[in-house]
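Please look through the sequence and the structure below, and then follow the explanation that comes after them.

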Amino acid sequence: MGYIIKINGNSFDQNQLINVCKDYIALNRKDYYSEVYSFILKWFDDKDYIYLKTSGTTGSPKTISLKKIHLINSAIATSRYFGLDSSMNLLLCLPVTFIAGIMMIVRAFVNKCNLIIEEPKSNPFIDVNETIHFTAITPFQLFHSIDTIRSKEIRNIIVGGSEISAYLEGKVSELKTNVYATYGMTETCSHVAIRSVNNPSNSDVYLAMDNITFSTDDQKCLIIHAPLISDNPIYTNDCVELIDKKRFRWLGRRDNII
């Protein structure tokens, strides 16, 4: 990765960015930038994998290793869907101890986008003045950001971590920003399926990303087939109504369905 990397409008080559990260971490500050720069150093080390904690979607929470090439393939799929390119700004406003935040960094690096870093908070857009072409947030952040999003130039938002309530979907329908609910987990290197929340064709059906297909087990739990981001099929505890191998409706966690 010898290309130019852009962070907060500043351009670096890989070696320059590594030195910036090391110098900042040497200050021993316990802040968000230290977390971001620590991950960047891991991304550029000589290992072909990283370790992350899972959320429990496929079983009990645990620490797993993810291949960097799988994260790159996930970033490429998202880039194709949203048309990301080097002229765009991506906003990072999630913890980088979990896959959602990490993938914002990887997407920016893979697509040579400008990565704008904002410390995670309930309204991460409040201090942002640039056009944001793409970002990932939680339903909690979306709830607290509705008015700010309405007043700013935010093009595409993906929302994950939990389901978006019907009330919040109603509020989102008023926005000009494209808002998408996502389905994914640590094991799948972020989302493997997506549905529009405020598009005129709004639907409760999740559509698979490129190179992803679905099936179900005998309890109607989703099985994910994703050869570019996982060496094996991924068995989940999520019950779904499978429409076909590319589409499903999410019904809930197996343990919560009677």
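**Charged pairs, a core and packed helices**

Glu-169 and Arg-195 bring their side chains together in a salt bridge, with 2.6 Å from N to O; the term stands for a side-chain nitrogen of Lys or Arg within 4 Å of a carboxyl oxygen of Asp or Glu. This pair links distant parts of the chain, since Glu-169 belongs to helix α6 and Arg-195 to strand β10 (residues 190-196), 26 residues apart. Helices (H or I, at least four residues) and strands (E, at least two) are DSSP runs, numbered from the N terminus. The model is predicted, with local features needing pLDDT of at least 70 and side-chain atom pairs counting only at pLDDT 80 or more, while totals for chains, interfaces and linings use all residues. Residues are numbered from 1 along each chain as its sequence is written, and side-chain values use heavy atoms, with hydrogens and water left out.

Is Glu-169 buried or exposed? Glu-169 is buried, with a relative accessible area of 16%, and Arg-195 is buried as well, at 7%. Here buried means under 20% relative accessible area, exposed means over 50%, and partly exposed lies in between (1.4 Å probe, protein chains only).

Side chains of opposite charge can pair when their charged atoms come close. The structure holds twelve salt bridges, and another of them joins Arg-150 to Glu-174 at 3.0 Å, N to O. Arg-150 lies in helix α5 (residues 139-151) and Glu-174 in the loop between α6 (166-172) and β9 (178-185), so this pair ties together parts that are 24 residues apart in sequence. Arg-150 is partly exposed, with a relative accessible area of 37%, and Glu-174 is also partly exposed, at 48%. Glu-118 forms a salt bridge with Lys-121, where the closest N and O atoms are 3.3 Å apart; Glu-118 is buried at 15% relative accessible area, whereas Lys-121 is partly exposed at 30%.

We can now turn to the nonpolar residues. The largest nonpolar core has 81 residues, and those with the most contacts inside it are Ile-40 and Ile-224; such a core is a set of buried Ala, Val, Leu, Ile, Met, Phe, Trp, Tyr and Cys residues joined through side-chain atoms within 4.5 Å. Leaving out residues up to four places away in sequence, Ile-224 touches several others, including Tyr-183, Met-185, Val-192 and Phe-214, where contact means heavy atoms within 4.5 Å.

Two packed helices are described by the angle between their axes and the distance between the axes. Axes are lines fitted to C-alpha atoms, for helices over the stretch in contact, and angles run from 0 to 180 degrees between N-to-C directions. Helix α2 (residues 32-43) packs against α4 at an angle of about 55 degrees, with the axes 11 Å apart, which makes α2 oblique to α4. Angles under 35 degrees count as roughly parallel, over 145 as roughly antiparallel, 65 to 115 as roughly perpendicular and the rest as oblique. On the α2 side the contact is made by Val-36, Phe-39, Ile-40 and Trp-43, and on the α4 side by Ile-102, Ile-105, Val-106 and Phe-109.

Helix α1 (residues 14-26) also packs with α2, at an angle of about 135 degrees and with the axes 9 Å apart, and α1 and α2 are therefore oblique to each other. Among the residues that make this contact are Leu-17 and Cys-21 of α1, together with Tyr-37 and Ile-40 of α2.
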